[in-house]
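Colleague: I would like to learn how to read a charged residue in a model, and then the sheet around it. Could we take the terms one at a time?

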Amino acid sequence: MALELADYVSYAGLPFKHEGRYLRSQEHDSLIIDTRKNYFIWNSQGLAGNLSQFIKAYYGISDREMHFRLKAFTKTNPQQKVAVKADYTTKSAVGPVAPLDAAGMAYLTQYRHLDSRLITFAARQGLLGSDGYHNVIFNWFDAAGILVGQDVQGTVIN
């Protein structure tokens with residue numbers, strides 16, 4: 001859960017005024033906070049970012065001082081929002097896959113213009129495979145060589 005910039009501005013008593021979905025600084029006319037995106041943009045300084053970056057930029061302080069201010073803010077303002085839980089079930093696709101099939105090979109060479117030698121090498125290393133729907137599976141491994149994730153790329157252009 002991200003901490004809200006608007007909540008911090010209110011907590012710190014900073015002079016900002018509401019302009020629709022934006023908060024505009026009354027001290028620095030080019031400093032704007034987008035309350036929907038929870039993001040600040042300080043055009044004259046060429047800065048943008050989240051709450052911690054805002055605190056550092058606004059006060060011109062170090063990381064350590066920023067952490068102290070952020071910690072004080074989180075202690076006095078516990079989060080009121082409840083995390084939104086997805087109403088659909090997610091399935092884990094991490095697991096063994098079939099070797100790369102002809103549809104996957106054709107997709108990677110014809111549409112993505114990858115060299116067939118590179119694709120063959122990656123498939124032999126276990127980095128590429130196919131599922132039952134002829135999608136290309138890209139496997140992710142950690143430093144110990146354990147499968148930790150997968151990306152699925154469809155091969156049918158629609």
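Modeller: Buried means under 20% relative accessible area, exposed over 50%, and partly exposed in between, with a 1.4 Å probe and protein chains only. This is a predicted model, in which local features need pLDDT of at least 70 and side-chain atom pairs count only at pLDDT 80 or more, while totals for chains, interfaces and linings use all residues. Residues are numbered from 1 along each chain as its sequence is written, and side-chain values use heavy atoms, with hydrogens and water left out.

Colleague: Is D101 buried or exposed, and what is the nearest side chain of opposite charge?

Modeller: A salt bridge needs a side-chain nitrogen of Lys or Arg within 4 Å of a carboxyl oxygen of Asp or Glu; Lys and Arg count as positive, Asp and Glu as negative, and His and the chain ends are not counted. D101 is buried but has no salt bridge, the nearest side chain of opposite charge being R112, 14 Å away. With contact meaning heavy atoms within 4.5 Å, D101 touches S130 and H134, leaving aside residues up to four places away in sequence.

Colleague: Which strands form the open sheet, and in what order?

Modeller: Strands are DSSP runs (E, at least two residues) and helices likewise (H or I, at least four), numbered from the N terminus; two strands pair if DSSP finds at least two bridges between them. Here 3 strands form an open, antiparallel sheet in the order β6-β7-β8. Because β6 and β8 stand at the edges with a single partner strand each, one side of each lacks a neighbour in the sheet. Between β7 and β8 there are 6 bridges, and I137 stands opposite V152 in β8.
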